[in-house]
Amino acid sequence: LQRRLGRRGAFLLCFGTVWGLIGYGQVTSPQSDQRALKLLLDIMPLDAWGSCWIAAGLIAVASAWAPQGWDWPGFLALPLIVLPWCFAYLLAWWPLGIFPRGWIAAALYGALAIGIFVVAGWREPPRPKRAEPPYEC
């Protein structure tokens, strides 16, 4: 499995799973305090946002199995859903002032997006070649 996925694929598989779980949580058990999500909820309902999280997670999980260079949809989908949430929390903190802890969530979502961009730029390390016969012991 490690040989097939590589580091980038393992990253996409893990983060895609987490994104799917976040989306599932938003659809099945939405957070009770939705003040910080006002801007997002003006665009579409929370279950639609949850579905977007799930879709981004599925794209990332599917991309995890693709070779480097073909895995870009996963590295695009992951931050694409995170950035609106980052900005919504940031704006709910300042200038709107409706969610005093918004800067914390914005910083976390922003750090996740930056981390995804960093990993997207990494090259997969070369794999060692298999030994050719005759095998030496």
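Trainee: Which residues line the largest pocket?

Mentor: Rolling a probe the size of a water molecule over the atoms shows where empty space is left. A pocket is an open set of points, on a 1 Å grid over the protein atoms alone, where a 1.4 Å probe fits, with protein on both sides within 12 Å along at least five of seven lines; lining residues have an atom within 4 Å of a point. Here the lining consists of Gln2, Arg3, Gly6, Arg7, Glu124, Pro125, Pro126, Arg127 and Pro128. The space in this largest pocket is about 180 Å³, a volume being the space filled by probe spheres set on the points, which are joined across faces, edges and corners.

Mentor: Please note that this is a predicted model, in which local features need pLDDT of at least 70 and side-chain atom pairs count only at pLDDT 80 or more, while totals for chains, interfaces and linings use all residues. Residues are numbered from 1 along each chain as its sequence is written, and side-chain values use heavy atoms, with hydrogens and water left out.

Trainee: How many salt bridges does the structure hold?

Mentor: A salt bridge is a side-chain nitrogen of Lys or Arg within 4 Å of a carboxyl oxygen of Asp or Glu. The structure holds three. In one of them, the side chains of Asp71 and Arg8 meet at 2.9 Å, N to O. This pair links distant parts of the chain, 63 residues apart: Arg8 belongs to helix α1 (residues 2-28), and Asp71 to the loop between α3 (46-64) and α4 (72-93). Helices are DSSP runs (H or I, at least four residues), numbered from the N terminus.

Trainee: Is Asp71 buried or exposed?

Mentor: Buried means under 20% relative accessible area, exposed over 50%, and partly exposed in between (1.4 Å probe, protein chains only). Asp71 counts as buried because its relative accessibility is 4%. Arg8, at 7%, is likewise buried.

Trainee: Where in the chain do Asp42 and Lys38 lie?

Mentor: Both belong to helix α2 (residues 38-43), and because they are four residues apart, about one helical turn separates them. Asp42 is exposed, with a relative accessible area of 54%, whereas Lys38 is partly exposed at 44%.

Trainee: What of the remaining pair?

Mentor: Asp33 and Arg35 meet in a salt bridge at 2.8 Å, N to O. Asp33 is partly exposed at 32% relative accessibility, and Arg35 is partly exposed at 42%.

Methods:
Helices (H or I, at least four residues) and strands (E, at least two) are DSSP runs, numbered from the N terminus.
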